[in-house]
Amino acid sequence: MPTDIESFSAHPSDVPTSLQIIPRDQHPISRKGISANALRVLYRLREGGHEAYLVGGAVRDLLVGGHPKDFDVATSATPEEVKHLFRNCRLIGRRFRLAHVVFGREIIEVATFRANIDDGSGDRELHEGGRLLRDNVYGSIEDDAVRRDFTANALYYTVDDFSVRDYVGGFEDVRNRVLRLIGDPEQRYREDPVRMLRAVRLAAKLDFRIDPASADPIARLGGLLAEAAPARLFEECLKMFLSGHAVASFEGLERHGLLATLFPESAAALASNRSGALRRMLMEGLRGTDVRVAADEPVSPAFLFALLLWPAYCRALMALQAQGVHAPEAQRRAADRVTLHQLTTIALPRRFSLPMQEIWLLQTRFTQRQRKRVVRTIAHPRFRAAFDFLVLRQAASDEHAEDIAFWQAAQHDPDNALAMQESIDEAGEQEPRKRRRRRRSTGAASPAG
Ligand code: ATP
Ligand code: MG
């Protein structure tokens, strides 16, 4: 068992802390799992006479046997002192300064211990709703621990004696695979609503459960997420869906009622799609994304958002068509409308929203077989992504087998595919199959697939 060093001490933020030191022989973290550059930073700071710890997600991930992507360091040194010790150091951030120590492509982020207290200097400001706007006061390691979000994220590893320091019971929580907010959950969510998303994301990533006291307020407070900075929500979405845990994250969002806040129009479309085809397609796409990440294959935000907003797009398209707007115009307007609405919560940059729309708009082209159009469709820079998207739609509705077979062949040998198509068409001139395809060509985005 970890050794109890200090008993509970009164704390400015009202969170009781008690230091437990978990010695090297009682935890699995070894220097082999830590980036050589992060170790370099830790040793150097220590030689400079400062306290320095590996902290946050890296310690948590190492404890559960994971391989952290980035390594954050917390230190008693001020940013200027850090800069003094490292030639390859940049200071970033205007009010709260952070040091980035740069080793080629790896950046070790070094943050001075900071506190979550109001010392009257005006360096910390709260929004009326309790939202934290600035957080700029240096503090002790204990202060630094309690201003973090989850106990599992507040563990400090030191190369002094390779022990882990735990002020908030995080070691025990990691062992029990529990995510628990530090302090009063409602207050912590009000300070920063993105923590609700982090709870869902980290639970999905780590296969942890969210402690009921931390999970319960989410249903009630989820709406606050709509006020979070859209750029931050975009970043969180990428972490949530492009790190190999998209399916679990999506299910977590649904379970905690956050889907409707993040993607209101898609959530509404999914809820009213009685056949469940839209959800099937979405889940199939997310599963595919997870498989690609696991295989180290590239994944694209444009494709991801095409998937996440497809239900919204289908719904908008049907509404426009019901108003009598003709297909090509309706498609363009639906794509623009959905993108514009979504931007109010999630800042999807244009370099992703444009290809996302192209993936949608290309779907109708897959029903068109005129030679010139076929050649143009295949040459489109988004052809491959749009074709993969079509394959997903097939997984949900089984309506696109013919199109898939044609385009599969056409991308390798368009002339041969067209010749085959022509002979099929001639043979079946009167068959209903062909007429059905013609009718369908205007409704390529029907929610059925
Ligand atoms: P990931 O595996 O996604 O990197 P992480 O926990 O490392 O997860 P980061 O965004 O890298 O997430 O944050 C690093 C650390 O900073 C966290 O472990 C936590 O201690 C602290 N932190 C991050 N976001 C918040 C927040 N919104 N509120 C309080 N502390 C936070
Ligand atoms: Mg991290």
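Reader: In strand 4, which residue is the bridge partner of Ala52?

Author: This is a predicted model, and in it the bridge partner of Ala52 within strand 4 is Thr75. That contact belongs to the pairing of strand 3 with strand 4, which is antiparallel and runs over 4 bridges.

Reader: OK, and what about strand 3 and strand 12, how many bridges are there?

Author: Strand 3, covering residues 52–55, pairs with strand 12, covering residues 155–157, over 2 bridges, and this pairing is in the antiparallel sense. Within it, Val55 has Tyr156 of strand 12 standing opposite.

Reader: Let's go back to strand 4, then. Do strands 4 and 7 run parallel or antiparallel?

Author: Strand 4, made of residues 72–75, and strand 7, made of residues 106–112, run parallel and are joined by 4 bridges. One of the residues involved is Ala74, whose bridge partner in strand 7 is Ala111.

Reader: And strand 6, how many bridges join that to strand 7?

Author: There are 5 bridges between strand 6, residues 98–103, and strand 7, and these two strands run antiparallel. Phe103 stands opposite Glu106 of strand 7.

Reader: How many residues lie between those strands in the hairpin?

Author: The hairpin formed by strand 6 and strand 7 has 2 residues between the strands, and Gly104, which sits in the turn, has a positive phi of about 55°.

Methods: Residues numbered from 1 in each chain as written. Chains lettered and ligands numbered in written order. Predicted model: local features only at pLDDT ≥ 70, side-chain atom pairs only at ≥ 80, totals over all residues. Heavy atoms only, no water. Pairing = 2+ DSSP bridges. Buried < 20%, exposed > 50% of the residue type's maximum accessible area, 1.4 Å probe, protein only.
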